[in-house]
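Have a look at the sequence and the structure first.

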Amino acid sequence: MSDWLRGPRGGLALAFGGDAVRYGELADAVAAAVLPSGDGLVACPVGTDPIRLITLVLACIERGRPVLVGGDAADAERISADLPPGTELALLTSGSSDPEGTPRAVARTNASWLASAAPLAEVAGLRASDRIAVTGPLHVSMHLYAALHALWTGAAVGDELRGASTLHATPTRLARLLEADALPAAAIVAGAAMSDALRERAAARGIRVTEYYGAAELSFVAVGRGGALAPFPGVEVELRPAVAGRELWARSPYLALGVVGGGMLRRDDDGFATVGDLAEPNGSDMFRIIGRGDAAITTAGATVLAEDVEGRLLALPGVVAAVVLGETDELLGERIVAVVELDGTTDAAAVVAAARDRLPAAELPRRWFVSAIPTTVSGKPARGLLQVALAAGTLGPSLPSHAPHPTPSERSGA
């Protein structure tokens with residue numbers, strides 16, 4: 001069977017949409033799958049049935065055909081000539097900060113994913129007896145890897161929380177799932193930094209959370225619990241000075257070959273790569289992810305990281321999700337704007353008042369909007385869509401912070 005299929009033939013492999021597939025049935029389907037003629041890129045578009053998608057991806061890997069996950073035949077034709085040599089998996093993605101959602105393809109080898117399978121199983125404590133729940137569509141790299149990894153461990157994977165022992169989710173998705181009656185005992189969370197408030201909510205539900213930091217271009221970079229991250233096994237990490245802070249660079253066998261269509265991936269001559277995320281040291285060999293450098297807001301002479309402020313807002317009672325944006329301001333250069341999703345029982349004015357009490361003046365939003373936070377297909381807040389809505393004036397009525405402009409000493413942090 002495939003390197004990814006390590007369960008017994010009679011064991012449950014997939015359970016999506018009420019359909020159950022055993023390992024033997026999946027292996028037979030992979031062997032019998034009919035691929036398009038030729039040796040070109042095989043398209044596996046958005047909307048493909050999860051069982052069909054996994055079957056097609058495994059069939060392509062087994063037969064040495066590159067496969068495009070999340071793109072149609074036109075996308076495959078558009079990017080084929082630009083894929084790096086050796087590409088086996090191409091994953092179409094668009095960043096959460098891209099208002100146009102312009103797709104780019106992350107190209108990688110199958111080996112770059114297989115190499116991280118054993119380390120993840122060890123750090124997350126996953127076993128063949130587990131039943132894994134994925135909480136997003138499989139054409140998204142994070143969720144596709146989660147499904148393939150479950151098969152590598154010999155476990156069952158599906159889309160039902162009930163009966164699952166572990167789930168994979170973004171912080172935004174986990175925050176919403178915590179309202180459910182039945183939840184797995186463990187969660188693997190990635191896609192953005194978790195807030196302390198969300199960790200406390202998960203702990204109150206008895207959920208053991210494993211957090212990891214990575215990116216579609218970098219794969220796994222760091223892992224930990226409680227917000228303090230250490231390099232993922234097999235990864236070398238360097239924090240290098242940048243304009244907005246310390247930029248995280250990583251070198252590992254898990255890196256993608258490249259990206260077609262733009263994106264943030266940069267490499268150096270020593271094999272290190274970055275997507276522009278910022279981090280700060282947090283003890284010996286530990287660090288904390290504080291946000292993306294391109295999400296920095298310059299206000300009243302201070303540089304404020306949007307994701308840092310978002311973390312503070314998520315710690316406020318009643319805030320389910322939060323996105324912080326920059327808006328042009330003649331006096332401040334940019335002013336900080338907050339879009340918050342509330343739990344339905346909390347008064348927006350109370351949240352603003354709590355923010356005035358707890359946030360530094362330089363980080364306090366000047367305008368507030370209360371709205372459901374849209375997400376990308378991967379489950380991350382769709383920052384770019386909100387930025388467009390802010391510029392177009394379609395976010396609805398705003399609430400002022402009623403806070404004065406920062407004084408010169410506040411601007412300097414004195």
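Two strands, β10 (186-189) and β11 (208-215), each supply at least two residues of the lining of the largest cavity. Strands here are DSSP runs of E with at least two residues, helices are runs of H or I with at least four, and both are numbered from the N terminus. This is a predicted model, in which local features need pLDDT of at least 70 and side-chain atom pairs count only at pLDDT 80 or more, while totals for chains, interfaces and linings use all residues. Residues are numbered from 1 along each chain as its sequence is written, and side-chain values use heavy atoms, without hydrogens and water.

What surrounds the largest cavity? Its lining is formed by A124, T166, A186, A187, I188, R208 and T210. β10 gives the most, with 3 residues. By class, the lining has 4 nonpolar, 2 polar and 1 charged residues. Nonpolar means Ala, Val, Leu, Ile, Met, Phe, Trp, Tyr, Cys and Pro; charged means Asp, Glu, Lys and Arg; the others, Gly among them, are polar. The space inside is about 30 Å³, and a search of the whole structure finds 1 cavity of 30 Å³ or more. A cavity is a set of points on a 1 Å grid over the protein atoms alone where a 1.4 Å probe fits but cannot get out, and lining residues have an atom within 4 Å of a point. Points are joined across faces, edges and corners, and the volume is the space filled by probe spheres set on them.

Now for the helices. Helix α6 (residues 141-153) meets helix α5 (residues 117-124), their axes coming within 10 Å and crossing at roughly 85 degrees. That makes α5 roughly perpendicular to α6, a label for angles of 65 to 115 degrees. Axes are lines fitted to C-alpha atoms over the stretch in contact, and angles run from 0 to 180 degrees between N-to-C directions. Helix α2 (residues 50-63) also packs with α6, at about 75 degrees with axes 12 Å apart.

The contact of α2 with α6 has 7 nonpolar, no polar and no charged residues.

Finally, the chain averages a pLDDT (the predictor's confidence in each residue, from 0 to 100) of 88.

Technical notes
1 Å grid on protein atoms, 1.4 Å probe; cavity = no way out; pocket = protein on both sides within 12 Å on 5 of 7 lines; lining within 4 Å. Parallel < 35°, antiparallel > 145°, perpendicular 65-115°, else oblique.
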